[in-house]
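Here is a short briefing on one protein chain. Please look over the sequence and the 3D view before reading the points below.

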Amino acid sequence: MNFISSNFIPAKVHIKEQPQTFKRFGAQWTPTILVITPNGEEAHRIEGFLGVDDMLAQLELGLGKSLFKMEKFEDAEKHFRSVVQQYPTSEAAPQALYWAGVAAYKATNDAGKLKDTAQAVQKKYPQSEWAKKASVWAG
């Protein structure tokens with residue numbers, strides 16, 4: 001709970017009590033959790049119930065995406081890498097590793113970061129869609 005209270009301002013929208021707000025955010029199912037940037041832009045969406053570790057991995061991925069959208073690439077990379085280190089078997093981990101490479105590239109303009117990321121994703125998560133997406137950087 002410290003991670004949530006330290007990094008987010010939680011807000012609850014009840015589908016029956018606030019249907020217009022529910023529709024405003026395009027929620028199709030409950031629960032739907034949105035990570036929104038300070039300027040109101042959606043950075044990440046989580047739909048359905050998850051166990052604690054998977055939820056924390058998704059929230060940290062969302063925090064990284066939010067920071068990325070704000071062009072805080074070094075901070076974003078730290079959160080993406082944290083997902084991979086703390087929750088390596090989560091579904092969020094391959095995506096986080098991919099975005100860590102993108103954030104590193106955006107922070108430095110060093111294309112080698114993308115090649116390194118492609119190799120890392122291929123090695124650690126070879127069957128993931130993120131390995132396929134990163135494969136274009138390998139060559």
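**Loops, helix packing and the pocket**

E71 sits in the loop that runs between α3 and α4. The model described here is predicted.

**Backbone features in loops**

- At E71, phi is near 65°, which is a positive value in a residue other than glycine.
- T30 and P31 are joined by a cis peptide bond, with omega at about -10°.
- P31 belongs to the loop between α2 and β1.

**Packing of α3 with α4**

- Helix α4 covers residues 73-86, and α3 packs with α4 at an angle of about 165°, the two axes being 7 Å apart.
- Because the angle is over 145 degrees, α3 counts as roughly antiparallel to α4.
- α3 and α4 cross in a left-handed sense.
- On the α3 side, the contact is made by A57, E60, L61, L63, G64, K65, L67 and F68.
- On the α4 side, the residues are F73, D75, A76, H79, F80, S82, V83 and Q86.
- By residue class, the contact of α3 with α4 has nine nonpolar, four polar and three charged residues.

**Packing of α3 with α5**

- Helix α3 (residues 52-69) packs with helix α5 (residues 92-108) at an angle of about 20°, and their axes are 10 Å apart.
- Because the angle is under 35 degrees, α3 counts as roughly parallel to α5.
- Where α3 passes α5, the crossing is left-handed.
- From α3, the residues A57, Q58, L61, K65 and F68 take part in the contact.
- They meet A92, Q95, A96, W99, V102, A103 and K106 of α5.
- The contact of α3 with α5 is made up of eight nonpolar, two polar and two charged residues.

**The largest pocket**

- How much space lies in the largest pocket? The volume is about 1100 Å³.
- Its lining consists of 33 residues, and those nearest the centre of the pocket are I9, P10, A11, I33 and L34.
- Two or more lining residues come from each of α1 (2-7), α2 (19-24), β1 (32-36) and α3.
- Sorted by class, the lining of the largest pocket holds 23 nonpolar residues, nine polar residues and one charged residue.

Definitions and conventions
Residues numbered from 1 in each chain as written. Predicted model: local features only at pLDDT ≥ 70, side-chain atom pairs only at ≥ 80, totals over all residues. Heavy atoms only, no water. Axes fitted to C-alpha atoms, helices over the stretch in contact; angles between N-to-C directions. Helix = DSSP H or I, 4+ residues; strand = E, 2+ residues; numbered from the N terminus. Parallel < 35°, antiparallel > 145°, perpendicular 65-115°, else oblique. Left-handed = near helix turned anticlockwise from the far one by under 90°. Contact = heavy atoms within 4.5 Å. Nonpolar A, V, L, I, M, F, W, Y, C, P; charged D, E, K, R; others polar. 1 Å grid on protein atoms, 1.4 Å probe; cavity = no way out; pocket = protein on both sides within 12 Å on 5 of 7 lines; lining within 4 Å. Points joined across faces, edges and corners; volume = space filled by probe spheres on them.
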